[in-house]
Amino acid sequence: QENEIKLLTAEIERLKNFGCLGISPSLEGLRDENAKLKYRLNFLRKSLQEERSKTAKSMININSCLQEVFGAAIQAAYPDLENPPLVVTPSQQPKFGDYQCNSAMGITQILLKTKEQKVSPREIAEKITKNIPANECIEKVEIAGPGFINVHLRKDFVSKQLSSLLMNGVQPPAVGKRKKVVVDFSSPNIAKEMHVGHLRSTIIGESMCRLFEFAGYDVLRLNHLGDWGTQFGMLIAHLQDKFPDYLTVSPPIGDLQAFYKESKRRFDTEEEFKKRAYQCVVLLQSKNPDFIKAWELICDVSRKEFQKIYNCLDITLIERGESFYQEMMKDIVKEFEDKGFVQVDDGRKIVFVPGFPVPLTIMKSDGGYTYDTSDLAALRHRLREEKADILIYVVDSGQSVHLQTVFAAGQMIGWYDPKVTRVTHAAFGVVLGEDKKKFKTRSGDTVRLIDLLEEGLKRAMDKLKDKERDKVLTAEELRAAQTSVAFGCIKYADLSHNRLNDYVFSFDKMLDDRGNTAAYLLYAFTRIRAIARLANIDEEMLRKAAREEVLVLDHEKEWKLGKCILRFPEILQKILEDLLLHTLCDYLYELATTFTEFYDNCYCVEKDRQSGQIVKVNMWRLLLCEATAMIMAKGFDILGIKPVQRM
């Protein structure tokens, strides 16, 4: 029996290495140690089986596979080197193979610096290639120039991966343990309208959430509304004057923006009103029920306006504004005081964070709290209560120093270790008008987001009518195409630019159906989807073909398209790391143009020139069309773009 226990324990240790120790069922009912181990072993085996079946369906990241192969080869060739450079990239030209390993140059430098050995990169490349382990993906390697290793993939490997994609659908790449991700985005202010500045945070944040959800993470989407603070004093005081019976009759505040401006004007010009506004703040903060009711009324009016925009853009958020963290502020101040981080400056309680010149003010001289306090409270709650492994703030670049200071304060006080928990500011630049200045209306006001979306709808319809689509589409199809193009183009124009840069907002450019725009990609997608339909091939026939047909990739354009399709997982993996979504847009554009090259050179459906009758359907090529459309559809889904069947 002891021997059996030893064997089981060894087996459990072996299985542990697969990282499959999940949350196990309770073992309390099993008294006998041997029975416990057997139970545990069965649980682990089942867990490992499930993990393997999930991984078997995952799309293979070819770049990662090659990195593993070359990592092993470098380790075998140079076992003494610690963390040698591992550089594998897709080749830019077909004559250099499909991928390149460019590690030899880096290793040359390391050998020279650490061991004073002068070895040519070519010699190193030769040694690496001799140590490449057996694998399923590489057909052959060649050394070019000073030491580039050109990698040629096996055709049967690529063909097999494409068949797997067609049978299993677009599956996420395997990313290991399921982590909790909290994304803070959109975050408009109550009583102020959403403007073009909120557009970027809303669109970028939504897309990031969709990507992490697709990759299998547990995502919490938070809307950190500006729903608390001194401005509510003047809004409540104005509400009492304008709608004295607000407690019994719901006040008809139609235009909250105008209401806000009126109360602000009174606050700036009427001393008596200003005093009353301050009293209202005190009563609100002390949770007086009448004042809480007034606050809720104002918040509800704003909420309805925000929701109209979220519905248009298909945005999902959980509201958790500044008010949510009010009760936690006292504890934040106490925790920083207890740990000796607080200094008093002219009555204010401030915290200096090493490396940051401006301190955080966690309590004002009048005893009130600040944005610094609420941001610290939010950070702590997300780390401790939500147990976030990854925390992403999608906020404009102007807040960079403030957020970095808050994050550093969280590290300083011991809330998280950056080696374990990833806390990131996904910053973005401003939206510019075509004059390259901040995007404003002609009168110099900030552009209201709802006006922008309505203008997009109008322009999309004009564009569709210019193309005479109203003559071939039903009224319902035309409306679907209008919203798909309008909102798709606005989102894509933003996401296709590197978020770190400012970008120029231009309806003319974004609605152009040439070049890297949503209009071009949506048209390309509907054309690809129509190929099988026009050849009278339905989904069931495609599914049957996917199981039975071998995807022949003999033509250079078939080969190019097949490889491009399979780069999808490595594109997603890169974005999960750097959070730069324009990479996905660039990839979708490259996929669409690569497909066009393939379609122009390879007949999918052959027709009789005289009669136009279908003579032959090349099924493996239709499967390539289907695989392209599947990847594009998933890419659109991550970007929040809704394609239509007919356009």
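Predicted model: local features only at pLDDT ≥ 70, side-chain atom pairs only at ≥ 80, totals over all residues.
Reader: How many aromatic pairs does the count come to?

Author: Two rings pair if their centres lie within 6.5 Å. By that rule there are 14 aromatic pairs. One of them joins Phe439 and Phe505, whose ring centres are 5.1 Å apart with planes at 25°, so this pair is stacked; the cut-off for stacking is under 30 degrees.

Reader: Are Phe439 and Phe505 buried or exposed?

Author: Buried means under 20% relative accessible area. Phe439 has 17% relative accessibility and therefore counts as buried. Phe505, with a relative accessible area of 3%, is buried.

Reader: What is the arrangement of the rings of Phe595 and Tyr599?

Author: Their centres are 5.9 Å apart and their planes lie at 15°, so the pair is stacked. Both residues lie in helix H22 (residues 582-601), four residues apart, which is about one turn of the helix. Phe595 is buried at 5% relative accessibility, whereas Tyr599 is partly exposed at 41%. Ring pairs can also form a cluster, as with Phe336, Phe341 and Trp415.

Reader: With which side chain does Asn150 make a polar contact?

Author: Asn150 is in strand S4 (residues 148-153) and is buried, with a relative accessible area of 2%. Its side chain makes a polar contact of 3.0 Å with the side chain of Gln100. Leaving aside neighbours within four places in sequence, the residues in contact with Asn150 include Phe96, Tyr99 and Lys140.

Reader: What does UniProt list for residues 64-153?

Author: An unreviewed UniProt entry lists this span as "domain: Arginyl tRNA synthetase N-terminal". In the model, the span is 40% helix and 21% strand, and its end C-alpha atoms lie 14 Å apart.

Reader: What does the side chain of Lys180 reach?

Author: Lys180 is found in strand S5 (residues 180-184) and counts as buried, at 16% relative accessibility. The side chain of Lys180 reaches the backbone oxygen of Glu386 at 3.0 Å. Not counting residues up to four places away in sequence, Lys180 touches Asp218, Leu220 and Ile390, among others.

Reader: Which residues touch the most other members of the largest nonpolar core?

Author: A core is read as a set of buried nonpolar residues joined through their side chains. The largest one has 169 residues, and Leu199, Ile392, Phe505, Phe568 and Leu584 touch the most other members. Helix H23 (residues 619-639) gives the most to this core, with 13 residues. Beyond four places in sequence, the residues that Leu584 touches include Phe568, Ile571 and Leu639.

Technical notes:
Residues numbered from 1 in each chain as written. Heavy atoms only, no water. Phe/Tyr/Trp six-rings, centres within 6.5 Å; stacked < 30°, edge-to-face > 60°. Buried < 20%, exposed > 50% of the residue type's maximum accessible area, 1.4 Å probe, protein only. Helix = DSSP H or I, 4+ residues; strand = E, 2+ residues; numbered from the N terminus. Polar contact = N/O pair within 3.5 Å; in protein donor to acceptor, adjacent residues only side chain to side chain. Contact = heavy atoms within 4.5 Å. UniProt positions renumbered as here; feature names shortened; annotations may be inferred. Core = buried A, V, L, I, M, F, W, Y, C linked by side-chain atoms within 4.5 Å.
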